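Reader: I would like to go through this model and ask what stands behind each label. Please set the values against the cut-offs.

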Amino acid sequence: MREIVGLFVVFVLCLGPACAGAENKESESHTSVGNTAEDLLEAFTNAPDSLQQFEIASQIAELGDKSTIQKLEQHLSSQDRATRCNAGLALARLGEDRGLTAIIAELRDKSPRPARGEWIRSDGEPDDQGQPRRDRYYAAHVLGVLKDKRAIPILLEYIDDEDVNYALPWTFGQIGDKRAIPALREMLKNAKGDRPVGAAYGLARLGEPGGWTALFGFLKHADRRFRYRAADDLGFLGDARAVTALVEALGDEDVSVRRAAIRSLGEIGDPTAIPILEKARTDKTPVCPPSPLTIADCADKAISQINSKAKERK
């Protein structure tokens, strides 16, 4: 769950609400609903947001009850495109190819549509122009969650589409198909903005040593966006090879980079990071005003995660 929430947060920070809201998303607990097919379908229909609905879709798929298929198919015509994607995810995992087809259709669809209420432009008007971009971006992420290699050729068509290619390295890494490596190498060299960091992540996820080298290099980039993304993506990889570089990043002048490094150390779960995290517990710098959360709070959470992982390994 951290991966889809975390990467959706990156998208929100780039295109949507302020970081305080993103912090709340990151700390949300898992949705708790009844265990029957009927309970789950009702919860899916009434879910308050797309991320909780995504979680319920995963629970429906895990249940494996094909009696849910007919009602899920009804959601493929929803006005909410994220609902279509979430229903498509559940259907695909239940063995229905129509689910994959529906998600790909949302990735392809650039047609205008009304903005959902939470997306407002700076002038107070609904952001209708941005809604197709957000919906297509979400579809790209859901294809990564699905991990169906049949999506690779379609996804590669959009490697230069700046509305969705921010999501593609993560999706390629999740699917695990090496056919994406040439496109990711090209993105690493030539993509705009901080997209090369995502390309490095995708390459590392696909087992390319050059991806790791690039991520470690981006931790020292002059632009804090590159350093932040590199620190965050190393946590998604969950590999102890990143610990030394992340510990060094705790000395970064930018608080968002320090927070990302701490969070990633917690995710990796290597006990050798605890001494430096103990020092970070004295850092009362707010990570995202007006939120009261501080670097010290993040360090506490990371230490707790590492200790929990150590207990699980015993």
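**Burial and pairing in the helices**

Author: The buried residues of helix H6 are Arg81, Ala82, Thr83, Arg84, Cys85, Asn86, Ala87, Gly88, Leu89, Ala90 and Leu91. The model is a predicted one.

Reader: What makes H6 mostly covered?

Author: Of the 13 residues of H6, 11 are buried. The cover over these buried residues includes helix H3 (37–46), helix H4 (50–63), H5, H7 and helix H8 (131–146).

Reader: How do you know that the span of H6 is close to the expected one?

Author: H6 covers residues 81–93 and reaches 19 Å from its first C-alpha to its last, against 18 Å expected at 1.5 Å a residue.

Reader: What does the secondary structure of the protein chain come to?

Author: The chain has 18 helices and zero strands. Buried residues account for 54% of its 314 residues. Of the contacts between residues at least 6 apart in sequence, 62% join residues at least 24 apart.

Reader: Why is the pair Arg263 and Asp232 called a salt bridge?

Author: The cut-off is 4 Å between a side-chain nitrogen of Lys or Arg and a carboxyl oxygen of Asp or Glu. Arg263 and Asp232 have an N to O distance of 2.7 Å, so the pair meets the definition.

Reader: Are Arg263 and Asp232 buried or exposed?

Author: Buried means under 20% relative accessible area. Arg263 has 13% and counts as buried; Asp232 has 2% and also counts as buried.

Reader: Why is H16 called largely enclosed by the rest of the structure?

Author: Because 12 of the 14 residues of H16 are buried. Among them are Val257, Ile262, Arg263, Leu265 and Ile268. H16 reaches 20 Å from its first C-alpha to its last, close to the 20 Å expected at 1.5 Å a residue. Just after H16, Gly269 takes a positive phi of about 80°.

Reader: How do you know that Arg98 and Glu73 form a salt bridge?

Author: Their side chains meet at 3.8 Å, N to O, and the cut-off is 4 Å, so the pair counts. Arg98 is in helix H7 (residues 97–108) and Glu73 in helix H5 (residues 69–74), so the pair ties together parts that are 25 residues apart in sequence.

Reader: Why is Arg98 called partly exposed, and what is the relative accessible area of Glu73?

Author: Partly exposed is the range between under 20% for buried and over 50% for exposed. Arg98 has 46% relative accessibility and so counts as partly exposed. Glu73 has 25%, so that residue is partly exposed too.

Reader: What makes Arg281 and Asp300 a salt bridge?

Author: Their closest N and O atoms are 2.5 Å apart, so the pair is within the 4 Å cut-off. The pair links distant parts of the chain, with Arg281 in the loop between helix H17 (274–280) and helix H18 (295–313) and Asp300 in helix H18, 19 residues apart. Arg281 is partly exposed at 35%, and Asp300 counts as partly exposed at 33%. Elsewhere, salt bridges that share partners join Arg81, Arg84, Glu106, Asp109, Arg113 and Asp135 into one network.

Reader: How many salt bridges does a search of the whole structure find?

Author: The search finds 26.

Reader: At what angle do the axes of helix H12 and helix H13 cross?

Author: The axes of H12 (residues 195–205) and H13 (residues 209–218) cross at roughly 145° and come within 7 Å. The crossing is left-handed. From H12 the contact is made by Pro196, Val197, Ala200, Tyr201, Leu203 and Ala204, and from H13 by Gly211, Trp212, Ala214, Leu215 and Phe218. These residues divide into 10 nonpolar, one polar and no charged.

Reader: Why is Ala204 called buried?

Author: Ala204 has 7% relative accessibility, and buried means under 20%, so the label applies. Leaving aside neighbours within four places in sequence, Ala204 is in contact with Gly211, Trp212, Leu215 and Leu237. Ala204 and Leu237 are 33 residues apart in sequence and 7.9 Å apart in space, C-alpha to C-alpha.

Key
Residues numbered from 1 in each chain as written. Predicted model: local features only at pLDDT ≥ 70, side-chain atom pairs only at ≥ 80, totals over all residues. Heavy atoms only, no water. Helix = DSSP H or I, 4+ residues; strand = E, 2+ residues; numbered from the N terminus. Buried < 20%, exposed > 50% of the residue type's maximum accessible area, 1.4 Å probe, protein only. Expected span 1.5 Å × (residues − 1). Axes fitted to C-alpha atoms, helices over the stretch in contact; angles between N-to-C directions. Left-handed = near helix turned anticlockwise from the far one by under 90°. Contact = heavy atoms within 4.5 Å. Nonpolar A, V, L, I, M, F, W, Y, C, P; charged D, E, K, R; others polar.
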